[in-house]
Amino acid sequence: MPDKKWRQIKSIVPEAVCCLSALLAITVLFLILYYIFLRGAGVITPSFLTALPTPVGVPGGGIGNALLGSLVMVALGALLAVPCGVAAAVYLDQNPQSSLAAATRFAARVLSGVPSLIIGLFVFTLLVLRTGRYSALAGGIALAVMMLPVIVLTAEEMLRLVPNSWREASLALGASKKQTVLRLVLPAAAAGIAVGVMLAVALAAGQTAPVLLTALSSVFWPENLLQPTASLPVLIYTYAISPFTDWQQQAWGAALVLVVMVLLLNMTAQLFIAVRNRRG
Amino acid sequence: MALDVRIENLSFWFGRQQVLNNVSLFARRKEVTALIGPSGCGKTTLLRCINRLYDLYAGARIAGRITVGAESILDAGTDRVELRRRVGMIFQKPNPFPHLSVFENVAGGPRLHGLAHGRALQERVEACLRKAALWEEVKDCLDRPGALLSGGQQQRLCIARALAVEPEVFLMDEPCASLDPISTMRIEELIKELQEEYTVVIVTHNMQQAARISRQTAFVLNGELVEAGPTAELFVRAGDSRTEAYLTGKMG
C-alpha cells in the first residue's frame, strides 16, 4: 500500500538525519583527537613535560613551566570560584523567588555567554593596568570569572534535585535550616556539584584570551603569584603562529597534553555521574 | 510525656486563598485523633500548622491560637526548632534519608540535639527501632542505606527516627497511603501502641482506618471543621448531614 510506504519513509528520514548528525559530531571530535595525537605524540617525552622552553633552534625545550603555570592558575581560579559559586547556589536554592535570586540567575546566564576575550580585557583593565604587572593572580581571577557562572548554575540545578521531602523530614526532626543545608542538602548534592566543578575547570584550562591578557607569558619557572606566568594555551598560541618548525612541533605536543587533561577531567566527571546513578 | 494539643479559631491563608477557616479542635493527650475529609479540604495544612512546617513556604499567613501543652506555639518568639523536636511528623511518602544508613537515620536526630552519644546513642537507636517494630528485621543490616528497605519498613524507620528525638506529639499525614495492607496493619498496631505514651494526630483517607485506630474523629470540609467527636459515636450517628454523607460514601 503506497500509504503505508509513505508513512515508513516519513518515519525513517528524520531518524536517519538525526543519526547522521550525531555521527558527524562524534567524527569531528575524533578527527581532532586523532590529528593532534598524530602530530603531537612524537614530541612527548618526560623531559618535554618537565623542562623549560629553549630558544628557537636549541633542542630539548619543554613545557614544564607552562604546565605548572596552567595548573596554578586553574587551581587558583577554582579556589576562588568554587566557594563563592556554591554559596551563591545555596542562596538561590533557599530563596528561589527573591528578586536577588532572579538577578543572580540572569547575571550568571549572561556571564556564561560573555566572550572570554572580554573577561580577559576586564581583568586586564581592573588589575593589570592598575598594578602595572601581569601576574598569575590576575590570570587566576580571570579564570575564576569564567568558572563562576558554570558553577553557580550547575550547583543550583543539583541542589534543586534534592527532594523537598528530605528537607521536610530534616526540619520536622527539629534540624534548623542551616543544619539541613549543611548536613543533608549539600552532602546529597555533592557529587553533582563536583561534576559541575570539573566541567568548569576543564572549560577554564583551555581558555587562551583571559590568561594571555592577564598573566601574559614567561620562559621561567613561576616563583610567586605576582609575576608574568606561562600557561599551556598561551604557549600553544605563541608556538603555533611562529614560523619555526621545532616550535610548531612543540605546539602540537602541548596541545595534546592540554586535550588529554581536559578529556580526563570530563571522563572523571562522567564516571562520577555513572557511580552516582548506580547508587541512587 | 504526652501533651494536649488545643487549636482555637485557626485560620490559614496561602497567598490570597483561604485554606482553613476558624478551625477549633482539641486533641487530648494519649489519644489518637483522626482528621478525615476529601482531598484538598485542608487536613494536611492543619497538621502542618501544629509543627509550623508551613513556615517554609512563602505567602503563608495564619491567625488564631494553637497550644501544645502550656505553650502557645504560633507566637513570633516560638523556638520552631525545639517545637519540631517535640512535635514529630510522619509523612505520606516514607522519606528516610537515602544516603544515610539505617543506624544513621535514627542516630542523626539525637546527635543533632545532643541527646545521646556513644554507647547511649547505640542503645537509644536500638530501643527506638524496637519500639517501631523494626529491630528484628534490620538488626543485621544497620549499615545498609535506609533507601534499600521496603516501603513499609521505610515508614517504620521514619517512625523510629521521629521517636529518637523524644517527641511528645506525633503528627501523621496519611502514613499508610503508599503501603500494602500488611504493612498498613503493622503501622496501625504501632499507632495504637504509640498512643499509650504520645498524643497522635493522624490524617487519613481510609475511614475504616480512622474507625480502627482513633478515639476521636474530626471531619474537615472546605477548610472548615464540620464536627469532631468520639469516633465510636461519629461513625454510628453523625451529628451533621455532611459528615454522614461523607462517611457513607455519598460525597468525596
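1. Helix 3 and helix 4 of chain A cross in the left-handed sense. A crossing is left-handed if the near helix is turned anticlockwise from the far one by less than a right angle, right-handed if clockwise. This is a predicted model: local features need pLDDT of at least 70, side-chain atom pairs count only at pLDDT 80 or more, and totals for chains, interfaces and linings use all residues. Residues are numbered from 1 along each chain as its sequence is written, while chains are lettered from A and ligands numbered from 1 in the order in which they are written.

2. The axes of helix 3 (residues 64-94) and helix 4 (residues 99-113) of chain A come within 9 Å and cross at roughly 135°. Axes are lines fitted to C-alpha atoms, for helices over the stretch in contact, and angles run from 0 to 180 degrees between N-to-C directions. Helices (H or I, at least four residues) and strands (E, at least two) are DSSP runs, numbered from the N terminus. Helix 3 and helix 4 of chain A are therefore oblique to each other. Angles under 35 degrees count as roughly parallel, over 145 as roughly antiparallel, 65 to 115 as roughly perpendicular and the rest as oblique.

3. Which residues meet here? Ala88(A), Tyr91(A) and Leu92(A) of helix 3 of chain A meet Ala101(A), Thr104(A) and Arg105(A) of helix 4 of chain A. Contact means C-beta atoms, placed from the backbone, within 7 Å.

4. Now the two chains. In chain A, 15 residues are in contact with 20 residues of chain B. Helix 7 of chain A gives the most to the side of chain A that touches chain B, with 6 residues.

5. Chain B has an open sheet of 6 strands, in the order 6-7-8-3-9-10, with mixed pairing. Two strands pair if DSSP finds at least two bridges between them. Strand 6 (87-90) and strand 10 (224-230) of chain B stand at the edges with a single partner strand each, so one side of each has no neighbour in the sheet.

6. Strand 3 (residues 32-36) and strand 8 (residues 199-203) of chain B pair in the parallel sense over 4 bridges. Thr33(B) has Val201(B) as its bridge partner in strand 8 of chain B.

7. Helix 6 (residues 151-163) of chain B lies across strand 6 and strand 7 (169-173) of chain B. Helix 6 of chain B runs at about 170° to strand 6 of chain B.

8. Helix 3 of chain B is followed by Gly114(B), whose phi is positive, near 65°.

Conventions:
Contact = placed C-beta atoms within 7 Å.
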